Amino acid sequence: MADDYSVLGFETRAIHAGQQPDPRTGAVIVPIYQTSTYAQDGVGGTREGGYEYSRTANPTRTALEEALASLEGARHTLAFASGMAASDAVLRTVLRPGDHLVLGNDAYGGTFRLIDKVLSLWGVEHTVADLSRIDDVRAAMRPETKLIWCESPTNPLLGVADIAALAGAAHDAGARLVVDNTFATPYLQTPLALGADIVVHSTTKYLGGHSDVVGGAVVTNEDELREQLFYLRNAAGAVPGPFDAWLTLRGLKTLALRMERHSDNADLVARTLAKHPKVTKVYYPGLPEHPGHEVAAKQMRRFGGMVSFRVAGGEAAALEVASRTKLFVLAESLGGIESLIEHPGKMTHASTAGSTLEVPEDLIRLSVGIEDGRDLVADLTQALG
């Protein structure tokens, strides 16, 4: 076994990085260290790894952090209790009252709510810009801009931003680029290698992959930033429990296999929807007609498992389609092995109503699972009528 995991393939690192057999028992799966505290070797004499209290550190969580750092090609990962906790930690670590950030004009509703409704009370301002247009991004920046917050692909319209170009724009202005890599995962895209400074994940989604755990993560190569994030996480306490960390670590082991199947099925679904007479528009970066297709092909391994589309007949028709599927479960979230369908305007993105990020009322978002793709196409076809 190589000591330098960076020379090994993604699938190998997903199974082995940070996950050596237990030295005492030989267990090949990292144990769930279901403990709140640790015996010390004298007052202040913590064991190797700094284990004293599980809010501060836990061996199961450490294994997850080491594995995810390896997959993202990073020096540091910190796991959090949810994706929103991870995002909140980044924003409160990097920003101060009076600072400014640039937010994409298509973003997850929870992120928009946190920035627009919570951080605004703290005196942080934001400007919305089309991140696929670098000139628009530069125009939106101010002397007090400290962050560009990017999703690529975006949620829910599957827009694509040129991460390397955005990193250049951020760094020219003395700001950092944050990339929410939840949709792509490190299997499809590694933003730090493209110039991003910080990567965030909702590990609830593809990384966990089985719709049975909630979590988040922040990834960076900056040593000082890692220490600041670690301090805030310990002080504020938004940590995942050991079983949550273990479930996410289990999910990482099959991430590559699942993302290939998700991508296969999403491609089939998107191409089928594009030909349906009741579908007016399909959003999927894998389609050649997608405006971000060439950029996505340059910076992604494949195009992922998320597909959105609009239907003829407006909101009423979209709600009807969402209610008629049998295999696609009507539910929020995404990235699990099962297929999900939702109406963003009334579900995940309701908080954007009336804002510049408001989503079309006839929009449907799909999280395409790993079932038989032919069955998924048949289900959507009958739901569209």
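R233 is buried, with a relative accessible area of 3%. In this predicted model, that arginine belongs to helix 8, which covers residues 223-236. Once residues up to four places away in sequence are set aside, R233 touches T56, R61, E65, L78, A79, F80, A238 and V239. One of these contacts, F80, has a particular geometry: the charged end of R233 sits over the F80 ring, 5.8 Å from the ring centre.

The secondary structure of the protein chain amounts to 13 helices and 12 strands. Its radius of gyration is 21 Å, close to the 21 Å that the globule rule gives for 385 residues, so the chain is as compact as a globular protein of that length. The C-alpha trace spans about 70 × 50 × 35 Å along its principal axes. Of the 385 residues, 53% count as buried. Where contacts join residues at least 6 apart in sequence, 71% of them connect residues at least 24 apart. The accessible surface comes to about 15,800 Å², and carbon and sulfur atoms account for 53% of that area.

A pair of aromatic rings is described by the distance of the centres and the angle of the planes. Three aromatic pairs are found in a search of the whole structure. In one of them, Y38 and Y51 form a tilted pair, with 5.6 Å from centre to centre and 35° between the planes. The pair links distant parts of the chain, 13 residues apart, and both Y38 and Y51 are in the loop between helix 1 (10-16) and helix 2 (59-72). Y38 counts as buried because its relative accessibility is 15%, under the 20% limit. Y51 is likewise buried, at a relative accessible area of 14%.

Another pair is formed by F243 and W246, whose ring centres are 6.0 Å apart and whose planes meet at 20°, so this pair is stacked. Both residues lie in helix 9 (residues 242-253), three residues apart, about one turn of the helix. An α-helix has 3.6 residues a turn, so residues three or four places apart point the same way. F243 is partly exposed, with a relative accessible area of 41%, and W246 is also partly exposed, at 22%.

Helix 9 itself has 12 residues and reaches 17 Å from its first C-alpha to its last, close to the 16 Å expected at 1.5 Å a residue. Its residues P242, A245, L247, T248, L249, G251 and L252 are buried. The buried residues of helix 9 pack against helix 1, helix 2 and helix 10 (255-274).

F183 counts as buried, at 8% relative accessibility. Leaving aside neighbours within four places in sequence, F183 is in contact with P153, T154, N155, L158, Y206, M259, M306 and L334. The C-alpha atoms of F183 and I148 are separated by 18 Å, the two residues being 35 apart along the chain.

Technical notes
Residues numbered from 1 in each chain as written. Predicted model: local features only at pLDDT ≥ 70, side-chain atom pairs only at ≥ 80, totals over all residues. Heavy atoms only, no water. Phe/Tyr/Trp six-rings, centres within 6.5 Å; stacked < 30°, edge-to-face > 60°. Helix = DSSP H or I, 4+ residues; strand = E, 2+ residues; numbered from the N terminus. Buried < 20%, exposed > 50% of the residue type's maximum accessible area, 1.4 Å probe, protein only. Lys NZ or Arg CZ within 6 Å of the ring centre and 35° of its normal. Rg over C-alpha atoms; globule rule 2.2 N^0.38 Å. Contact = heavy atoms within 4.5 Å. Areas by Shrake-Rupley, 256 points an atom, 1.4 Å probe, with all protein chains shown as cover. Expected span 1.5 Å × (residues − 1).
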